[in-house]
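Student: I have a structure open and I want to learn to read it. Could we go through it feature by feature?

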Amino acid sequence: MSGQQEQRHGGQPQGTGKRKGKRRSNKDEAQTLLPPPPPPPDESRAERVLYVGCEGESTEPDYLNHLKAQFGDGSGYEGQRFRIQPVYVKNGMTPAEVVASVRGTAKEDEAWALFDRDQHHDIPKALAEAAEESTEVCFSHPSFDLWLLLHFQAYGGRQSGDSKDIVDKLRKAHPAFKRFDKRNDKSIKDDRWAALSDKDALKAAVAHAKSLVTQCEHGSCSGNNGKTYAYDRDKPAKSTEAWAARSGHALDCPVLGRDPSTDVWRLVVSLGIVPDSTRSVTGRGHGYRHQTSGV
């Protein structure tokens, strides 16, 4: 039955003006109303699973875990559900180790690698292996600390792998970071996360990071060309140059010359946490595509 009990009515007896209803049986009384069928699943609410390799053992994993805790339930701008699993080790990893570690852990799920310029010598190797395995790269020059600072202010000027000026400005930019990186405390928790997770601060960080791409000394780079959709791993692997250009930088823009810059904005936008006016949504679900201009 479709949710309502069947009603049965008897005929009207001759010689009376009253209508008698037929007495219902115990079977009729015991029938249960069935609930309506559940609506079809909404693919836009499907949970994305991302493994994100981290060079550091504190700041980046803290930040990612808070992103997951606060926005993973779909409370971001696009209502996208996601689960992030940070991949890191004690005392950190080099960029090439980050790529190898996350790729081996992620298996068939999405793989992202976060690493800094610092003074590493294996960045070209890391980029080449990331391209071969379709591991997305969030490269920060000089460091991830730049991404934190961009939540509060714009920034510019070559740093040559040194984060001292960035950390000094971050300490002054918000009271929660007054003692950041003192006594080795680079954690992201409590009032620090509250400051970073403000929606306006996140939007500002994305805008400032994209602006750094457009201001690149190369002259042909544009933040609006950054790719934030998940690349189809069934497609042929891209060249190292093409893979590195997913950040919005030109194909022939040397990665080590992108100073200062940070690609972490691509991950935040890809997760649908904040809007990006330069892209349009063409599909949803795991591996869904966010299309922007270019390849």
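Student: Which elements each supply at least two residues of the lining of the largest cavity?

Tutor: β4 and α9 (240–244) do. Helices (H or I, at least four residues) and strands (E, at least two) are DSSP runs, numbered from the N terminus. A word on the source first. This is a predicted model, where local features need pLDDT of at least 70, side-chain atom pairs count only at pLDDT 80 or more, and totals for chains, interfaces and linings use all residues. Residues are numbered from 1 along each chain as its sequence is written, and side-chain values use heavy atoms, with hydrogens and water left out.

Student: What shows where empty space is left?

Tutor: Rolling a probe the size of a water molecule over the atoms does. On a 1 Å grid over the protein atoms alone, a cavity is a set of points where a 1.4 Å probe fits but cannot get out; lining residues have an atom within 4 Å of a point. Grid points are joined across faces, edges and corners, and the volume is the space filled by probe spheres set on the points. Here the search finds 2 cavities of 30 Å³ or more.

Student: Which element gives the most to the lining of the largest cavity?

Tutor: β4, with 3 residues. The lining of the largest cavity includes Glu136, Trp243 and Arg266.

Student: How many salt bridges does a search of the whole structure find?

Tutor: It finds 12. A salt bridge is a side-chain nitrogen of Lys or Arg within 4 Å of a carboxyl oxygen of Asp or Glu. Take arginine 266 and glutamate 136: their closest N and O atoms are 2.7 Å apart. This pair links distant parts of the chain, 130 residues apart. Arginine 266 sits in helix α10 (residues 264–270), glutamate 136 in strand β4 (residues 136–141).

Student: Are arginine 266 and glutamate 136 buried or exposed?

Tutor: Both are buried. Buried means under 20% relative accessible area, exposed over 50%, partly exposed in between (1.4 Å probe, protein chains only). Of the 295 residues of the protein, 47% count as buried.

Student: How many residues apart are lysine 169 and aspartate 165?

Tutor: They are 4 residues apart in helix α6 (residues 164–173), so about one helical turn separates them. Lysine 169 is partly exposed, with a relative accessible area of 31%. Aspartate 165 is partly exposed too, at 31%. Helix α6 also holds aspartate 168 and arginine 171, 3 residues apart. Their salt bridge has its closest N and O atoms 3.8 Å apart.

Student: Where does aspartate 185 lie?

Tutor: In the loop between α6 and α7 (190–196). Aspartate 185 counts as partly exposed, at 29% relative accessibility. Contact means heavy atoms within 4.5 Å. Not counting residues up to four places away in sequence, aspartate 185 touches Arg179, Phe180 and Arg192. Its C-alpha atom is separated by 8.7 Å from that of serine 58, 127 residues apart along the chain.

Student: And what is the whole protein made of? How many helices and strands are there?

Tutor: There are 10 helices and 7 strands. Look at the contacts with a separation of 6 or more: residues 24 or more positions apart account for 68% of them.

Technical notes
1 Å grid on protein atoms, 1.4 Å probe; cavity = no way out; pocket = protein on both sides within 12 Å on 5 of 7 lines; lining within 4 Å.
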